[in-house]
Amino acid sequence: MRVLKVLFAILVVAAIIAGILYWLRRYRTEPPPTPTPFETKGRLQIVALDVGQGDGFLIISPGGKTVLVDAGNARAGDDVVAALQRRNLRTIDLAVATHPHADHIAGLRRVIGKLTVKQLLDSGQSFASAEYEKLLRAVKERKVAYIKAGKGQTFDLDSGVRLEAFNPRGNGQWITNVREGGSVENANSVVLRLTYGNFTMLFTGDAEAETEAELVKAKLPMRAQVLKVGHHGSRHATSERFLNAVNPEAAIISCGADNRYGHPSQPTLDRLKRSNVQVHRTDLSGEITIVSDGNTFQVTTNRQTNLAALWVGRIELDDVLAQPQKAASAKAGLKGKEID
Ligand SMILES: [Zn+2]
């Protein structure tokens, strides 16, 4: 009998200990692992160029290699050329056309015409537009090496700086299932992960929630200190799940002060605010520069940011048009639906 009692007591104690261990494992939040300090080889610079409504990002590695991710529309292209010349850049090692819409690629054509561009990484989507055709013609004429983008491709710059493609899928496979009113070109944007030591930035082009869901599902290393916000801050991009996976400290929104698309949208700004992300907008701050030594990063802006305006989204003109009383007056100044 006594033996049974002792055995019972041991069982009870063991069960309690097992319970405590289970609870600890399940509910204790592990502190993030402290990264091994990176021995810096210089400064990596990323500049969100002031291209108005569009995207244009310049990356300069510590050893001076240059990457240009999009270059705004045709008008902005001249400003991009000027911005590159101000930095005494004569060569772009890699230009990236995230997708064939004019607010990303028309400026690239200007850059290819004026500077030496060694390679063009293109989403590779077939797209019938005069601007895209002009870009492809310029690539041929200026003998730029043409590379079709695909998941898993890597580009090593120098000093350990690396670009890795997360999207499009590659091998002629495309995301075709997009929301109503969405764009297949946006969904198949080139998504790039830039790493330098412990610093990571994610470039998303105009990818929206469908693409974000696919990236999260693929369990790619999404975590990044800086996020280039997808599709100029559209309400259809930067989903909660994606934001949780990337967990950025800072986010850059590239958009124009006078855009009619409602970029950035209030819901997207609200999601970023709830996630405690430090937001920078080219429409408010002009050119935005990020500098990293491979461990930490600093952000500086051309113009002082208007803090009152920072978390206020822009109005979508199509929303205004939906209200009949305002429609008549607003409609007069509008042309056909443009692609952003
Ligand atoms: Zn765009």
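Predicted model: local features only at pLDDT ≥ 70, side-chain atom pairs only at ≥ 80, totals over all residues.
Residues are numbered from 1 along each chain as its sequence is written.

## The overall picture

The protein has 12 helices and 15 strands. Helices (H or I, at least four residues) and strands (E, at least two) are DSSP runs, numbered from the N terminus. The C-alpha trace spans about 95 × 55 × 45 Å along its principal axes.

Of the 340 residues in the protein, 43% are buried. A residue counts as buried if 20 or more other C-beta atoms lie within 10 Å of its own, as exposed if 12 or fewer do, and as partly exposed in between, with C-beta atoms placed from the backbone. Two residues are in contact if their C-beta atoms, placed from the backbone, lie within 7 Å. Among contacts with a separation of 6 or more, 67% join residues 24 or more positions apart.

## The eight-stranded sheet

Let's walk across an open sheet of 8 strands, whose order is β6-β5-β4-β3-β2-β1-β14-β15, with mixed pairing. At the edges stand β6 and β15 (297–301), each with a single partner strand, so one side of each has no neighbour in the sheet. From one strand to the next, the twist averages 20 degrees. Two strands pair if DSSP finds at least two bridges between them. Strands of a sheet pair through backbone hydrogen bonds, either parallel or antiparallel.

Both kinds of pairing can be found here. Strand β1 (residues 44–48) runs antiparallel to strand β2 (residues 57–60), joined to it by 4 bridges, and Val 47 stands opposite Leu 58 in β2. β2 also pairs with strand β3 (residues 66–69) in the antiparallel sense over 4 bridges, with Phe 57 opposite Val 69 in β3. The hairpin of β2 and β3 has 5 residues between the strands, and in it Gly 64 takes a positive phi near 95 degrees. By contrast, β4 and β5 pair in the parallel sense over 6 bridges. Here Ala 95 stands opposite Leu 120 in β5. Helix α3 packs on the sheet, touching β3, β4 and β5, and its direction makes about 160 degrees with that of β4. Such axes are lines fitted to C-alpha atoms, for helices over the stretch in contact, and angles run from 0 to 180 degrees between N-to-C directions.

## The nonpolar core

In soluble globular proteins, nonpolar side chains tend to be buried together. A nonpolar core is a set of buried Ala, Val, Leu, Ile, Met, Phe, Trp, Tyr and Cys residues joined through C-beta atoms within 7 Å. The largest one here has 74 residues, and those with the most contacts inside it are Phe 57, Leu 68, Ala 95, Val 96, Val 111 and Leu 192. Helix α3 (residues 102–114) gives the most to this core, with 6 residues.

Leaving aside neighbours within four places in sequence, Leu 68 is in contact with Leu 58, Ile 92, Ala 95, Val 96 and Val 111.

Helix α4 (residues 130–141) has 12 residues and reaches 16 Å from its first C-alpha to its last, close to the 16 Å expected at 1.5 Å a residue. That expected span is 1.5 Å times one less than the number of residues. Its buried residues are Glu 131, Tyr 132, Leu 135 and Val 139. Seen down the axis of α4, they fall within an arc of 100 degrees, so they line one face of the helix. The arc is that of the directions from the helix axis to the C-beta atoms. These residues pack against β4 (91–97), α3, β5 (116–122) and β6 (145–148). The face turned away carries the exposed residues Ala 130, Arg 137, Lys 140 and Glu 141. Glu 141 is exposed because 10 other C-beta atoms lie within 10 Å.

In helix α8 (residues 266–274), the buried residues are Thr 268, Leu 269 and Leu 272. They cover an arc of only 100 degrees around the axis, which puts them on the same side of α8. What covers them includes β12 (250–253) and β13 (278–281). On the other side of α8, Lys 273 and Arg 274 are exposed.
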